[in-house]
Amino acid sequence: MKLIFSLLVLYLNFSSVLTRGAERSLFSTSFSDFSGSTRHLFEGNPSETSFDKAKSYMTNAELEKAVKEFGRRCSNISRIYSIGKSVSGFPLWVIEISDKPGVEEPEPAFKFIGNVHGDEPVGRELLILLANWICDNHVKDSLARLIVENMHLHILPSMNPDGYALKRRGNANNIDLNRDFPDQFFPMNNDEEACQPETRAIMSWVRQIHFTASASLHGGALVANYPWDGTQDKRRYYYGCPDDEAFQFLASVYSRSHYNMSLSTEFQGGIINGASWYPIYGGMQDWNYIYGGCFELTLEISDDKWPSAEELPTIWEYNKMSMLNLVASLVKTGVRGRIFSSDSGRPLPGSITIKGINYTVNAGRAFADYYRLLTPGKRYEVMASMPGYKPKSTSIWLEETATADFILDPDSALEDNTPRSICDCSCDSKAKLVLLEFLLGFHVEVCFVLIVIGALLCFLLKRRQKFTLGKHKQSPKRSVVV
């Protein structure tokens, strides 16, 4: 009898262990494998389980509904617009988040693009979650408030809705959209009219809005990828762009804010140069940097291209701070400022260069504002230039962020060479002589007092002008006027 009772107790204990093990396999995360092979957030081999991979993911119609619902719920800080349509005619909806959506301001702009490949849908789900989180928290959370009040965030949840509906990588024409952009190394996709409508929509969008930085969300690995994506000879090796250090810094902002991306043993620090991983051509990332003046990263945010929907809350939690910190880096790091004319005070849409870095950042057309992403903890020589004006430069030690406003003087050499009219426009010479005789009639002391007062007024006016030009919404750690 004792033997039967003991066997019964043993059986119940063993059953309890199995039950707890099964629960753990469903709700716990596997962190043991960072070898670089496909890793999963949940235990078990997903290939052993057959399921409809689109189950519990939003359909295109549901995504459109979610975007419009967000616009209604968060209308005070958002704007909904479309940048074009897919091959099948589905609108490419964008959510803009700002305290003044749709209003051009002297503030940086960031864009997120999801679902570039139709069979990588995690990004579209996470971007809707990101938008709603910012809406719900921008009053009480300092990071969300910083983003809303100091920049414009544009979110395109799905660049490839047709591919998503077909559950395949390419669009409705089965074209890989991340190989459809003009390339710097080889003559491909140079005829923009022959590019896919989704590609043309992105290029038009970038030319309309002066984006400082952006990121596209992909699946199939866990790493932050940065330019260049290709090489001149199509071989695989590290090939960095002029802003290689700044891109490494931005990629590390994402990786180190992620739950476990930076712990990868396949990708050191969780970041990788695209050309050293596997070269591609016609990619969106390099095109943005070369032709759009926009620093873009390619973010691989989930090991599975199309994981089970039950993993989405965990993937969101792992990526949330990474996404927020990457966007906020536009405000927290780099050099910013505006360019003005000394003779009229008007904004000059000039350009900014950094000594030793072969890359030019153009100031905005309306406000002549610029945002130059740079690696903190270094000294930089920043130069502003504009055709018809003398360039100016200043040396800045960049701790985190700094502001440098430039007041450029007209080039006197160009003014001297300006053709003059042969007509004598001083037709009132007689009146001028009368005025001169009148002034000379004043007592010398009175003239001296007037000169002193005039000089003082000029000094105060100049001081006020410089203060106004250097004033910004975001108080910088260091501000200079050159």
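Predicted model: local features only at pLDDT ≥ 70, side-chain atom pairs only at ≥ 80, totals over all residues.
Strand E9 (residues 334-341) and strand E12 run antiparallel and are joined by 4 bridges. Residues are numbered from 1 along each chain as its sequence is written, and side-chain values use heavy atoms, with hydrogens and water left out.

E9 and E12 belong to an open sheet of 4 strands, ordered E12-E9-E15-E16 with mixed pairing. Strands E12 (369-372) and E16 (479-481) are at the edges with a single partner strand each, so one side of each has no neighbour in the sheet. From one strand to the next the twist averages 15°. Two strands pair here if DSSP finds at least two bridges between them. Helices (H or I, at least four residues) and strands (E, at least two) are DSSP runs, numbered from the N terminus.

Now for the helices. H3 (residues 122-137) and H10 (residues 312-332) pack at about 60°, with axes 10 Å apart. Those axes are lines fitted to C-alpha atoms, for helices over the stretch in contact, and angles run from 0 to 180 degrees between N-to-C directions. The contact (heavy atoms within 4.5 Å) includes Trp133 and Ile134 of H3 and Trp316 and Met323 of H10.

H4 (residues 142-150) has Leu143, Ala144, Leu146, Ile147, Val148 and Asn150 buried, where buried means under 20% relative accessible area, exposed over 50%, and partly exposed in between (1.4 Å probe, protein chains only). These buried residues of H4 pack against strand E2 (91-97), H3, strand E4 (152-156) and H10.

Over in the loop between helix H7 (244-257) and strand E7 (271-273) you'll find Ser264. Ser264 is buried, at a relative accessible area of 8%.

| Side-chain atom | Backbone nitrogen | Distance |
|---|---|---|
| Ser264, polar atom | Glu266 | 3.1 Å |

Zooming out, the chain has 13 helices and 16 strands. Of its 482 residues, 48% count as buried. Among contacts with a separation of 6 or more, 72% come from residues 24 or more positions apart.

Note on methods: Polar contact = N/O pair within 3.5 Å; in protein donor to acceptor, adjacent residues only side chain to side chain.
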